[in-house]
Amino acid sequence: MKITFAHMGNLYITVKALLEDLGAEVVVPPMPSKRTLSIGSRYSPEFACLPLKVNIGNYIEAMELGADTIAMAGGVGPCRFGLYGEVQREILKALGYEFEMIIIEPPQGRLRHVLRQLGRLVGRNSVGKYVSAVRLAWAKMTAVDELEKVVQRVRPFESRRGAATAALASALKLVDEASSIAQVKRALEDGREMLLSVRAPENSVPDPPRIGIVGEVYVVLEPFVNFEVERRLGEMGVLVERSIYIGDWVREHLFKDLLRLRKGRRPYDLAKPYLCHFVGGHGVETVGHTVEYAKRRFDGVIQLAPFTCMPEIVAQDVLPSVSRDLGIPVMTLVFDEHSSDAGVLTRLEAFVDLVERSRRRRAAKGARG
Ligand code: SF4
């Protein structure tokens, strides 16, 4: 059995570590590329949202490398995600691929159910083995999140364009190759040092603009589909913060669900004056995090959404009121297979320009007042 799964940012480091430690043979698909998207778009329904199309491309590219089993997360709720496993299975079967698809449904407190599903992928393992594999995967996930946060803080001040991105790639490789928790800790320390060393003191701006990124989890976390929004903003001298990291997503959607713990309420509470119903996906969180960034005096917020994503369309309708009430510029970028590099870059440059002007206006008002 050669297992594969879809990419979502650097999640592959965690998933690969977990499955391999439990004895599975893993085929990591090639990183998403234009070819991946072109294959996925060719074989997916036109109206399907972008993540499904890229996932289909990931699976086909992995099967070309010998994968015969697909692990896929299931879901519940008003958006289309809950159907995706079945839709993807049908598309690939109709194309003549022979494979098994194992859909891991949300745990909803059923530990046994989760272990049974995992067992179908990796065979029998002792409880101790599961515990040690989860601990290693968790350590890697936390290290990846930490490195991604460091690179966001460093990039606006890098000595040469691209230095922080290159250092991050080297640091992630160290984490990926680590085979024990001690090695992960060392990789994190070395990675952090590599990233901090690319800073040039002469590039230090005392107060760079701060922009928060909110939106649908897949598009926020996958740099290929969002045209590397974070890197581009960082290289324009902007301090970027993301509303969600892979660790948050796993903690909220897997662990708290598994242990039936109460999920974090803060984004829901903050969104309440504008949106008080669950709308699927991360629609409510998008609104809540935008309010939070405004309260933390960020200079702007960018919402990232796949074309036709229902939860993000609802959030997008609400965001102009948040922007007006709390005085924070907000821009929405919608992605599909027709989005272009130049188009995204132009909109980012225009938004940074707008954010700078609004900062200057605020500063002038403060000086007068
Ligand atoms: S959250 Fe949006 S993009 Fe993701 S599956 Fe649901 S509708 Fe599609």
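Visitor: Are helices α2 and α3 roughly parallel or roughly perpendicular to each other?

Guide: Two packed helices are described by the angle between their axes and the distance between the axes. The axes of helix α2 (residues 34-43) and α3 come within 7 Å and cross at roughly 110°; α2 and α3 are therefore roughly perpendicular to each other. The model is a predicted one, in which local features need pLDDT of at least 70, side-chain atom pairs count only at pLDDT 80 or more, and totals for chains, interfaces and linings use all residues. Residues are numbered from 1 along each chain as its sequence is written.

Visitor: How are the terms helix, axis and angle to be read?

Guide: Helices (H or I, at least four residues) are DSSP runs, numbered from the N terminus. Axes are lines fitted to C-alpha atoms, for helices over the stretch in contact, and angles run from 0 to 180 degrees between N-to-C directions. Angles under 35 degrees count as roughly parallel, over 145 as roughly antiparallel, 65 to 115 as roughly perpendicular and the rest as oblique.

Visitor: Which residues of α2 and α3 make the contact?

Guide: Two residues are in contact if their C-beta atoms, placed from the backbone, lie within 7 Å. From α2 the contact takes Thr36, Leu37, Ile39, Gly40, Ser41 and Tyr43, and from α3 Lys53, Val54, Asn55, Ile56, Gly57, Asn58, Ile60 and Glu61. By class, the residues of the contact of α2 with α3 are six nonpolar, six polar and two charged. Here Ala, Val, Leu, Ile, Met, Phe, Trp, Tyr, Cys and Pro count as nonpolar, Asp, Glu, Lys and Arg as charged, and the others, Gly among them, as polar.

Visitor: At what angle do α3 and α4 pack?

Guide: Helix α3 (residues 50-64) and helix α4 (residues 81-94) pack at about 50°, with their axes 11 Å apart. The two helices are therefore oblique to each other. Their contact is made by Leu52, Asn55, Ile56 and Tyr59 of α3 with Tyr84, Val87, Gln88, Ile91 and Leu92 of α4. Seven of these residues are nonpolar, two are polar and none is charged.

Visitor: How are α7 and α8 oriented to each other?

Guide: An angle of about 170° separates helix α7 (residues 163-177) from helix α8 (residues 181-196), and their axes lie 8 Å apart. These helices are therefore roughly antiparallel to each other. Among the residues that meet are Ala164 and Leu168 in α7, and Val184 and Leu188 in α8. The contact of α7 with α8 has 11 nonpolar, two polar and one charged residues.

Visitor: Which residues surround the ligand?

Guide: A residue is near a molecule if its C-beta atom, placed from the backbone, lies within 6 Å of it. The residues around the ligand include Cys49, Cys79, Arg80, Glu216 and Cys309. This shell divides into eight nonpolar, two polar and two charged residues. At least three residues come from each of domain 1 (2-125) and domain 3 (207-369), with domain bounds taken from an automatic or database domain assignment.
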